[in-house]
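I opened the model to look up contacts and surface along the chain. My entries follow in the order in which I made them.

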Amino acid sequence: MDLALAIFNVGAGLGVLAAGAALVYLAWQTAPLIRESRALATDLRRLTRATDTELRPILAHARELTSNVEVLSEDVAVKLDRLTDLMNALQHSLETVQITATARRPEAGSVESPQKREDSSDS
């Protein structure tokens, strides 16, 4: 029984040693991955700061443009209402007023030339 217990203890010790060695190997293999992850996180923070500083003015300009478009569209709506009122008034006046047209004769102008003609007489 002592022999079996000794074999078991040696096997368990070798198993624990193998598991420890595997953990050291995995830690050694993941070190570059951890460095890359840290570098990516740093780059992401830098990119976020750059995006934030660049997007703020763009968003402010977009808000300003949106408010300007809103004001202009309201102005256009008011002018379209006025134009509609004018067109309705014109239509109403055209329906109520009758215009008679008569043919006019063109006025006859002078037959003489506006420039005086010099008589060229060979005397």
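Predicted model: local features only at pLDDT ≥ 70, side-chain atom pairs only at ≥ 80, totals over all residues.

Entry 1, a charged pair. I looked up arginine 56 and aspartate 52 and found them four residues apart in helix α1, so about one helical turn separates them. Their side chains meet in a salt bridge at 3.3 Å, N to O. I count a salt bridge where a side-chain nitrogen of Lys or Arg lies within 4 Å of a carboxyl oxygen of Asp or Glu. Arginine 56 is exposed at 55% relative accessible area, and aspartate 52 is partly exposed at 37%. For these words I use under 20% relative accessible area for buried, over 50% for exposed, and partly exposed in between, with a 1.4 Å probe and protein chains only.

Residues are numbered from 1 along each chain as its sequence is written, and side-chain values use heavy atoms, with hydrogens and water left out.

How many salt bridges does the structure hold? I find two. Aspartate 43 and arginine 46 join their side chains in a salt bridge at 3.8 Å, N to O. They are three residues apart in helix α1, which means a separation of about one helical turn. Aspartate 43 is partly exposed, with 37% relative accessibility.

I searched the whole structure for aromatic pairs and got one. Tyrosine 25 and tryptophan 28 form this pair, which is tilted, with 6.1 Å centre to centre and 50° between the planes. Rings of Phe, Tyr and Trp (its six-membered ring) pair if their centres lie within 6.5 Å; planes under 30 degrees apart are stacked, over 60 edge-to-face, and the rest tilted. Both residues lie in helix α1, three residues apart, about one turn of the helix. Tyrosine 25 is partly exposed at 48%, whereas tryptophan 28 is exposed at 60%.

I found a nonpolar surface patch of Val76, Leu80, Leu83, Met87, Leu90 and Leu94, with about 570 Å² of accessible area together. Patch residues have over 30% relative accessible area and no salt bridge; like charges are joined within 9 Å, nonpolar side chains (Val, Leu, Ile, Met, Phe, Trp, Tyr) within 5 Å. I checked leucine 90, which is in helix α1 (residues 2-96) and is partly exposed at 44%.

Of the 123 residues, 0% count as buried.

Technical notes. Areas by Shrake-Rupley, 256 points an atom, 1.4 Å probe, with all protein chains shown as cover. Helix = DSSP H or I, 4+ residues; strand = E, 2+ residues; numbered from the N terminus.
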